[in-house]
Amino acid sequence: MTQEIMSYVNEQVFGVWFLIGAVLVFWMQAGFAMVEAGFTRAKNSGNIIMKNLMDFCIGTVMWFLIGSSLMLPAAEGTSDIFGIIGTPGFGVFTDYANFSFSGFIFNLVFCATTATIVSGAMAERTKFFTYCIYSAVISGFIYPIEAHWVWGNGFLVQWGFHDYAGSTCIHMVGGICALIGAWMLGPRIGKFTKDKDGKIVKVHAFPGSNLVIGALGVFILWMGWYGFNGAAATDIPTMGSVFLTTTVAPAVATVVCMIFTWIKYGKPDVSMCLNASLAGLVAITAPCDVTDCIGATIIGFVAGLLVVFGVWFFDNVAHVDDPVGACAVHMLNGIWGTIAVGLFATETAPGFALAGIDEGLFYGGGLTQLIKQFGGMGIIIVWTVVTITLTFGILKKTVGLRVSEEEEIVGLDIKEHGLASAYAGFQITDLTGGAMEVNANTNLGEGEYESASEVKKNAAVSVIRETSSEPTGMYKVVIIAKLARFDALKKALNELGVTGMTVTQVMGCGIQKGAGERYRGVEMDVNILPKTKVEVIVGNIPVDQVIEAARKALYTGHIGDGKIFVYDVQKVVKVRTGEVDFAALNDVE
């Protein structure tokens with residue numbers, strides 16, 4: 001009796017955990033939305049939020065209409081139509097009393113994740129109407145059928161193929177759909193520069209509008225991944241081991257990515273490290289129940305390098321414009337995670353016995369499981385490539401995939417949704433135009449102002465003077481400087497006796513076209529930068545002293561430290577007292 005009670009309690013506890021895990025996976029929709037919005041431009045944020053919302057809502061409709069019956073077997077332990085496809089039906093309507101409520105919800109949230117992956121790679125230039133259609137196709141047909149082969153007691157799981165939580169069925173499939181969609185859609189306007197022969201000669205970076213939101217999305221996804229990987233566990237040891245591997249792999253991937261980008265690009269890349277966290281999570285998803293800590297560490301190590309290579313490859317070799325790195329994160333690391341089962345599966349993992357597979361190659365199991373992993377993955381790749389290519393091809397020929405050039409430039413928020421801005425009350429500035437050919441940080445070889453030659457001083461802080469035929473001895477001095485040098489400039493002018501000044505923040509650049517920083521490994525193409533504009537009127541203080549003080553304060557030994565413009569002033573009037581000319585300047589000098 002006691003054993004029966006404990007068994008019942010155990011079943012109920014893990015049944016509750018199963019649904020809690022489903023809620024965590026649903027919460028990942030918010031994470032995907034935040035990552036995509038943060039990694040893209042602000043003028044499309046409303047469109048991105050709408051797409052991620054409709055992924056789940058359209059997916060839910062398609063799931064109860066057709067998707068769930070195609071994926072799930074008619075009865076436990078059986079497989080419909082030769083293990084290839086479930087029998088289409090409406091059990092949720094016709095036999096609700098005996099319906100698997102928990103199984104329906106749990107598999108639904110995974111289905112919605114597959115469609116969401118595609119959104120990021122095709123962001124900023126896809127028609128919303130078209131997006132809704134192909135999201136429905138993925139949720140209703142493409143995903144349920146291949147997932148049936150692995151999780152619906154289909155032919156692949158019977159053969160011994162193993163994908164515990166979706167490296168193949170969800171992430172690789174979503175990544176392949178994303179790659180083909182982004183390729184057929186074409187790059188965003190300005191992403192690549194071509195020569196006269198049409199050959200791509202330069203890749204341009206489009207910095208994300210809000211990496212803070214992007215980072216929040218990554219943390220949400222990481223938290224949700226404990227439900228993604230762990231919800232199917234039915235005993236404490238397996239759950240604990242899954243949680244461990246799900247923590248170790250992304251952490252290692254992120255550290256490896258940080259070190260690698262630090263060495264390769266000179267600075268640790270923020271957005272790439274965020275991608276690396278997700279890459280590690282994707283890679284560990286298939287083997288999380290059958291590998292140990294050593295295996296998870298190696299899987300994460302490879303994922304951290306693979307995501308950097310993937311982003312570089314799709315930008316510079318394949319020339320596929322993927323704004324969020326979905327292809328590198330989900331497709332490449334979904335493939336890697338699937339292969340990893342055949343390499344790192346070990347009988348010491350608590351979930352190994354339940355998996356019913358062979359040990360991996362590196363744990364003495366030989367090639368048997370590795371061959372099964374390659375075989376099952378290959379079949380799913382063929383299915384996905386064929387079905388999604390047909391889907392996108394039909395849509396491109398009928399309703400069209402891409403918005404017009406005007407809609408893309410203005411932004412999808414206003415053109416697709418009538419939304420002036422997703423950030424009402426904030427000024428949205430797009431700094432991604434133009435092309436940088438000369439580095440503004442070119443060092444002149446001399447950092448000390450006093451020892452620098454006049455040529456070097458003029459190259460760093462140039463002075464432009466406009467004089468009239470009848471100078472009055474009063475001058476307007478306009479100084480354009482880097483934001484970081486404003487305090488030093490203000491102090492130098494105050495010490496000289498200039499206490500009155502007008503200060504504004506402006507955007508601009510000289511011929512140097514901005515600093516040569518990198519974003520996701522691509523040299524930035526920003527041609528306007530934030531600057532400080534300081535205006536002063538002097539008369540009693542010699543203007544040459546003002547110029548010299550300003551030059552000394554602004555000089556750092558780099559081209560583009562600033563510019564000084566000097567104009568003759570014909571008249572100065574103090575409104576409060578009526579004083580004019582030199583008398584009017586007494587309280588600001």
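Which residues in helix 18 meet which residues in helix 19? The first legend below takes up this contact in the predicted model.

**View A. Contact of helix 18 with helix 19.** In helix 18, the residues involved are Ala488, Leu489, Ala492, Leu493 and Leu496. Their partners in helix 19 are Gln545, Val546, Ala549, Ala550, Ala553 and Leu554. By class, the contact residues divide into ten nonpolar, one polar and no charged.

**View B. Geometry of the packing of helix 18 and helix 19.** Helix 18 spans residues 486-496 and helix 19 spans residues 543-554. Their axes are 8 Å apart and the packing angle is about 150°. Because angles over 145 degrees count as roughly antiparallel, helix 18 is roughly antiparallel to helix 19. The crossing of helix 18 past helix 19 is right-handed.

**View D. The aromatic pair of Phe99 and Phe101.** The structure holds 22 aromatic pairs. In the pair of Phe99 and Phe101, the ring centres are 6.5 Å apart and the planes lie at 55°, so the pair is classed as tilted. Phe101 has a relative accessibility of 41% and counts as partly exposed.

**View E. The aromatic pair of Tyr131 and Tyr134 in helix 5.** This pair is edge-to-face, with 4.9 Å from centre to centre and 75° between the planes. Both tyrosines lie in helix 5 (residues 128-151), where Tyr131 and Tyr134 are three residues apart, about one turn of the helix. Tyr131 is buried, at a relative accessible area of 1%. Tyr134 is also buried, and its relative accessible area is 1%.

**View F. An aromatic cluster of phenylalanine and tryptophan residues.** The cluster is formed by Phe18, Phe106, Phe110, Trp151, Trp225 and Phe228.

Definitions and conventions. Residues numbered from 1 in each chain as written. Predicted model: local features only at pLDDT ≥ 70, side-chain atom pairs only at ≥ 80, totals over all residues. Heavy atoms only, no water. Axes fitted to C-alpha atoms, helices over the stretch in contact; angles between N-to-C directions. Helix = DSSP H or I, 4+ residues; strand = E, 2+ residues; numbered from the N terminus. Parallel < 35°, antiparallel > 145°, perpendicular 65-115°, else oblique. Left-handed = near helix turned anticlockwise from the far one by under 90°. Contact = heavy atoms within 4.5 Å. Nonpolar A, V, L, I, M, F, W, Y, C, P; charged D, E, K, R; others polar. Phe/Tyr/Trp six-rings, centres within 6.5 Å; stacked < 30°, edge-to-face > 60°. Buried < 20%, exposed > 50% of the residue type's maximum accessible area, 1.4 Å probe, protein only.
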